[in-house]
Amino acid sequence: MPATFINLYDRDAELDVDYYLNTHMPLVQKLLGPSVVLSWKLWKLPDDSPFSYEGEVTWASIEAREAALKSNEGLQCKEDLRNFVKKPAMVLLRQYVGSGPDN
């Protein structure tokens, strides 16, 4: 079952958005593959939020994420973090439970 992880970047993390969008995430998708990393998005948060950006990554499953991040390719992705952010993100697992009507 797909699993979505949210990465919340503090304001003082100094996220390099251009690098994240054009280098890091394409590298992640290339190294880990489209069958493991299903999709990703980056959201800018309001100025009064304690976080500046929210990264959303949907993985094939929790197990696929864990295995990928332990692989040599996953370790390369982790090492690339220092190229675009000064402080690690807070990582949260988000699992869909249900919803109401779309009006």
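Reply: Start with angles between axes: under 35 degrees counts as roughly parallel, over 145 as roughly antiparallel, 65 to 115 as roughly perpendicular, and the rest as oblique. Axes are lines fitted to C-alpha atoms, for helices over the stretch in contact, and angles run from 0 to 180 degrees between N-to-C directions. This is a predicted model, in which local features need pLDDT of at least 70, side-chain atom pairs count only at pLDDT 80 or more, and totals for chains, interfaces and linings use all residues. Residues are numbered from 1 along each chain as its sequence is written, and side-chain values use heavy atoms, with hydrogens and water left out.

Me: Why are H1 and H3 called roughly antiparallel?

Reply: Helix H1 (residues 17–32) and helix H3 (residues 72–80) pack at an angle of about 170°, their axes 9 Å apart. The cut-off is over 145 degrees, so the two helices count as roughly antiparallel. Helices (H or I, at least four residues) and strands (E, at least two) are DSSP runs, numbered from the N terminus.

Me: What makes the contact between H1 and H3?

Reply: Contact means heavy atoms within 4.5 Å. H1 contributes Tyr-19, His-24, Leu-27, Val-28, Leu-31 and Leu-32, and H3 contributes Glu-73, Gly-74, Gln-76, Cys-77 and Asp-80. By class there are 6 nonpolar, 3 polar and 2 charged residues; Ala, Val, Leu, Ile, Met, Phe, Trp, Tyr, Cys and Pro count as nonpolar, Asp, Glu, Lys and Arg as charged, and the others, Gly among them, as polar. Leu-32 also touches Val-37, Trp-59, Ala-68 and Ser-71, among others, not counting residues up to four places away in sequence.

Me: Why are Tyr-9 and Tyr-20 called buried?

Reply: Buried means under 20% relative accessible area, exposed over 50%, and partly exposed in between (1.4 Å probe, protein chains only). Tyr-9 has 5%, so Tyr-9 is buried. Tyr-20 has 1%, so Tyr-20 is buried too.

Me: What makes a set of residues a nonpolar core?

Reply: The members are buried Ala, Val, Leu, Ile, Met, Phe, Trp, Tyr and Cys residues joined through side-chain atoms within 4.5 Å. The largest such core has 21 residues, of which Tyr-9, Leu-15, Leu-32, Val-37, Trp-59 and Phe-84 touch the most other members. H1 gives the most to this core, with 5 residues.

Me: How do you know that Ser-52 is buried?

Reply: Ser-52, in strand E3, has 7% relative accessibility, so Ser-52 counts as buried. Leaving aside neighbours within four places in sequence, Ser-52 is in contact with Tyr-9, Asp-10, Arg-11, Trp-43, Lys-44 and Leu-45.
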